[in-house]
Amino acid sequence: MIFGTTQPESPENKWRRQLNQFIKTHQQELAALAWGLWLENGDSKGTIGIDLQPKPHFVYCPQEAVENLNLKVENRLQEILGIVAHYQPEMEVVMIAIGKDQIKLIHFESQPAPPVCFEQVGKDVDSLLEMLEQRLSEQLQG
């Protein structure tokens, strides 16, 4: 690609761009959700995921499922597995977005830290899930 030229946006790139914008806009709420879910379950259910089909909703991606997928795609997810294995919930957010036939790692260090975000947002996990799913649906429609 030559810098300065605009390529037509493919559907694969559109959902990624929209998701990146959503993450940027809602970092504090996502960090609060990640911390709230960590308090409830630790890593016993796996990594938090955002399944975009048929409509955006949060799920858990069990470690075993991610490892099996890695084997099926010839170990192309090694970096994701490494980030998940070294996840520090008190400092960062790690989620896996699942689009049509694609996945995307969501990984950022939260400022303030996730426990502080959870306290500042002042919502329970169910309220955060509902609000974020609704806002993500709106983001992806636009």
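Modeller: Before we look at the sheet, one definition: two strands pair if DSSP finds at least two bridges between them. And keep in mind that this is a predicted model.

Colleague: Fine. How do you know that β1 and β3 pair?

Modeller: Count the bridges: 4 of them join β1 (residues 47-51) to β3 (residues 92-99). The rule asks for at least two, so they pair. These two strands run parallel, and one of the bridges links I50 with A97 in β3.

Colleague: What makes β1 and β2 a pair?

Modeller: That's 5 bridges, again set against a rule of at least two, so they pair as well. Here the strands run antiparallel. T47, for instance, has C61 in β2 as its bridge partner, and a hairpin joins β1 to β2 through 5 residues.

Colleague: In which order do the strands of the open sheet come?

Modeller: The 4 strands go β2-β1-β3-β4, with mixed pairing. From one strand to the next, the twist averages 30°.

Colleague: Why do you say β2 and β4 stand at the edges?

Modeller: Because β2 (57-61) and β4 (102-109) each have a single partner strand, one side of each is left without a neighbour in the sheet.

Colleague: Back to T47. Why does T47 count as buried?

Modeller: Buried means under 20% relative accessible area. T47 comes out at 9%, so it counts as buried. This residue lies in β1, and away from its neighbours within four places in sequence it is in contact with V59, Y60, C61, V84, V94, M95 and I96.

Colleague: And why is D43 called exposed?

Modeller: The cut-off for exposed is over 50%. D43 has 57% relative accessibility, so exposed is the word. You'll find D43 in the loop between α2 and β1. Its C-alpha atom is separated by 9.6 Å from that of P89, 46 residues apart along the chain.

Colleague: What makes W38 and Y87 an aromatic pair, and why edge-to-face?

Modeller: Two checks. Ring centres have to lie within 6.5 Å, and here the distance is 5.9 Å centre to centre. W38 lies in helix α2 (residues 27-41) and Y87 in the loop between α4 and β3, so the pair ties together parts that are 49 residues apart in sequence. By this rule the count comes to 1 aromatic pair.

Colleague: How do you know that the buried residues of α4 line one face of the helix?

Modeller: In α4 (residues 78-85) the buried ones are I80, L81, I83 and V84. Looking down the axis, they fall within an arc of 165°, so they line one face. On the other side, E79 and A85 are exposed. The buried residues pack against β1, α3 (63-72), β3 and β4.

Colleague: Which residues touch the most other members of the largest nonpolar core?

Modeller: Of its 36 residues, L19, L30, L33, F58, M95 and I106 do. At least two residues each come from α1 (11-25), α2, β1, β2, α4, β3, β4 and α6 (125-141). As for F58, leaving out residues up to four places away in sequence, its contacts include L30, L33, I48, M95, L129 and L132.

Technical notes
Residues are numbered from 1 along each chain as its sequence is written. This is a predicted model: local features need pLDDT of at least 70, side-chain atom pairs count only at pLDDT 80 or more; totals for chains, interfaces and linings use all residues. Side-chain values use heavy atoms; hydrogens and water are left out. Axes are lines fitted to C-alpha atoms, for helices over the stretch in contact, and angles run from 0 to 180 degrees between N-to-C directions. Buried means under 20% relative accessible area, exposed over 50%, partly exposed in between (1.4 Å probe, protein chains only). Contact means heavy atoms within 4.5 Å. The arc is that of the directions from the helix axis to the C-beta atoms. Rings of Phe, Tyr and Trp (its six-membered ring) pair if their centres lie within 6.5 Å; planes under 30 degrees apart count as stacked, over 60 as edge-to-face and the rest as tilted. A nonpolar core is a set of buried Ala, Val, Leu, Ile, Met, Phe, Trp, Tyr and Cys residues joined through side-chain atoms within 4.5 Å.
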